[in-house]
Amino acid sequence: FLGKTPAGLPQSKFFKDRNNQQATRRVALSDSYYKRIEAVEFTLKADDGQSPWLLEEAEVIIVGVSRTGKTPLSVVLSQTQ
């Protein structure tokens, strides 16, 4: 799409990267990759109290005053195992 390779997606040896025309190698995406994506999606859905019914499913709830970096922290934490 738009001649660019998406960031974070493994590439394949059998396909050429449109940016530098080198053959790259595609790697199968693991379960941990999909779990990280699911965790980030959950984080963004529940961010800033948008979906209070999701609180029961949360492993960690970050509470703090406005403009203290809760959202970036929650996104980083969602990508850790």
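Me: How many residues does helix H1 have, and what distance does it reach?

Reply: Helices are DSSP runs of H or I with at least four residues, numbered from the N terminus. The expected span is 1.5 Å times one less than the number of residues. Helix H1, residues 31–46, has 16 residues and reaches 22 Å from first to last C-alpha, close to the 22 Å expected. This is a predicted model, in which local features need pLDDT of at least 70 and side-chain atom pairs count only at pLDDT 80 or more, while totals for chains, interfaces and linings use all residues. Residues are numbered from 1 along each chain as its sequence is written, and side-chain values use heavy atoms, leaving out hydrogens and water.

Me: Which residues of H1 are buried?

Reply: Buried means under 20% relative accessible area, exposed over 50%, and partly exposed in between (1.4 Å probe, protein chains only). In H1, Tyr33, Val40 and Thr43 are buried. They cover an arc of only 85° around the axis, and therefore lie on the same side of H1; the arc is taken from the directions from the helix axis to the C-beta atoms. The face turned away from that buried side carries the exposed residues Asp31, Lys35 and Glu38.

Me: What covers the buried residues of H1?

Reply: Contact means heavy atoms within 4.5 Å. The cover includes helix H2 (70–78). Ser74 is in helix H2 and counts as buried at 15% relative accessibility. Not counting residues up to four places away in sequence, Ser74 touches Thr43 and Ile62.

Conventions. Helices (H or I, at least four residues) and strands (E, at least two) are DSSP runs, numbered from the N terminus.
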